[in-house]
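Subject: Structure handover

Hello,

Here is the structure I promised to pass on. Please open it first, then read my notes below.

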Amino acid sequence: MTSLTQRNSGLVQRRTEASRNAAAADKEKSPGEDEYESRRGEEEEEDKGDSKETRLTLMEEVLLLGLKDREGYTSFWNDCISSGLRGCMLIELAIRGRLQLEASGMRRKSLLTRKVICKSDAPTGDMLLDEALKHVKETQPPETVQSWIELLSGETWNPLKLHYQLRNVRERLAKNLVEKGVLTTEKQNFLLFDMTTHPLTNNTIKQRLVRKVQEAVLEKWVNDPQRMDKRLLALLFLAHSSDVLENAFAPLLDDQYDLAMKRVRMLLDLEPEAEAAKSGANELLWAVVAAFTK
């Protein structure tokens with residue numbers, strides 16, 4: 001029979017080994033991951049009553065703003081949201097510490113000429129993000145932000161690069177939102193064909209998102225992009241670039257709408273190069289902004 005001393009010794013050894021492994025894992029985390037997890041922790045404190053599944057990615061938030069609540073699909077006239085969602089992916093990966101821009105070097109290269117490089121290939125838990133990350137990691141020589149938005153959208157004339165296109169992105173994001181209990185799935189007949197649609201079922205989540213966007217440029221406006229939460233700042237830029245920001249402002253009174261749009265224009269008039277050079281700025285975020293506002 002094993003003695004009590006031996007059992008205690010084995011327990012101490014296992015605990016020591018577990019502590020060692022945890023410390024090693026912490027060392028491997030990039031600063032971007034620490035910042036992302038810290039922010040996620042703050043969100044969890046704010047949303048204690050919510051299920052974990054209701055936390056949305058930047059892509060899901062932009063798509064949700066663009067979806068018609070009852071019809072369950074985006075406007076047929078919106079040809080901006082496709083590239084906007086690819087921009088969301090790049091920023092989400094940058095915020096999570098997976099991607100970054102190469103160093104500007106002695107020649108001080110501009111944001112749009114600097115290449116996107118893989119900082120960490122650790123899985124994100126999101127299939128679309130992991131797919132985009134895999135493309136960036138395996139591509140040599142590296143590509144710029146503008147090139148990646150076009151490649152991931154399939155907007156390239158080079159047939160050898162068509163394999164970079166992420167297909168059925170809106171449908172895959174909608175299915176993620178179905179799994180999170182925000183949308184549902186239906187079939188609608190449009191005369192000559194049937195189409196899968198995703199009407200809204202959880203209006204609370206949508207209203208919270210709309211309110212967050214409205215408050216960012218009204219009650220909680222800070223008049224300094226460096227003091228704004230990076231994901232919220234990115235959401236404002238990408239929602240505008242995807243032509244869905246108007247949907248969040250539609251319920252506002254006239255004077256509130258005018259003020260909100262005035263402040264959005266102030267953000268759009270910022271110089272990305274200057275903002276990216278400031279301390280604590282996320283360069284890749286501003287590179288994506290430059291790609292959409294140039």
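A residue counts as buried when its relative accessible area is under 20%. Keep that cut-off in mind for what follows. Please also note that this is a predicted model.

Start with helix α3. How many of the nine residues of α3 are buried? The count is nine of the nine, so α3 is largely enclosed by the rest of the structure. The buried residues are Leu58, Met59, Glu60, Glu61, Val62, Leu63, Leu64, Leu65 and Gly66. They pack against α4, α5 (127-138), α7 (169-179), α8, α9 and α10 (245-249).

Helix α3 (residues 58-66) packs on helix α8 (residues 203-217) at an angle of about 100°, and the two axes are 10 Å apart. That angle makes α3 roughly perpendicular to α8. From α3, the contact uses Glu61, Leu64 and Leu65. From α8, it uses Ile205, Lys206, Leu209, Val210, Lys212 and Val213. By type, the contact residues are six nonpolar and three charged, with no polar ones.

Now the core. The largest nonpolar core has 75 residues. Leu65, Leu90, Val145, Val213, Phe249, Leu284 and Trp286 have the most contacts inside it. Helix α4 (residues 81-95) gives this core its largest share, nine residues. Leu65 and Val213 also take part in the contact of α3 with α8.

What does Leu90 touch, leaving aside residues up to four places away in sequence? Its contacts are Leu99, Val145, Trp148, Ile149, Leu152, Leu284 and Val288.

One more residue to look up is Ser241. Ser241 lies in helix α9 (residues 230-241). Is it buried or exposed? Its relative accessibility is 18%, so Ser241 counts as buried. Ser241 touches Cys80 and Phe292, again not counting residues up to four places away in sequence.

Finally, the whole chain. The protein chain has 13 helices and four strands. It is made of 294 residues, and 44% of them count as buried. Take the contacts between residues at least 6 apart in sequence: 67% of these join residues at least 24 apart. The chain exposes about 16,600 Å², with carbon and sulfur atoms supplying 50% of that area.

If you have time for one view, begin with α3 and α8, where the contact includes Leu65 and Val213.

Best wishes

Conventions
Residues numbered from 1 in each chain as written. Predicted model: local features only at pLDDT ≥ 70, side-chain atom pairs only at ≥ 80, totals over all residues. Heavy atoms only, no water. Core = buried A, V, L, I, M, F, W, Y, C linked by side-chain atoms within 4.5 Å. Buried < 20%, exposed > 50% of the residue type's maximum accessible area, 1.4 Å probe, protein only. Helix = DSSP H or I, 4+ residues; strand = E, 2+ residues; numbered from the N terminus. Contact = heavy atoms within 4.5 Å. Areas by Shrake-Rupley, 256 points an atom, 1.4 Å probe, with all protein chains shown as cover. Axes fitted to C-alpha atoms, helices over the stretch in contact; angles between N-to-C directions. Parallel < 35°, antiparallel > 145°, perpendicular 65-115°, else oblique. Nonpolar A, V, L, I, M, F, W, Y, C, P; charged D, E, K, R; others polar.
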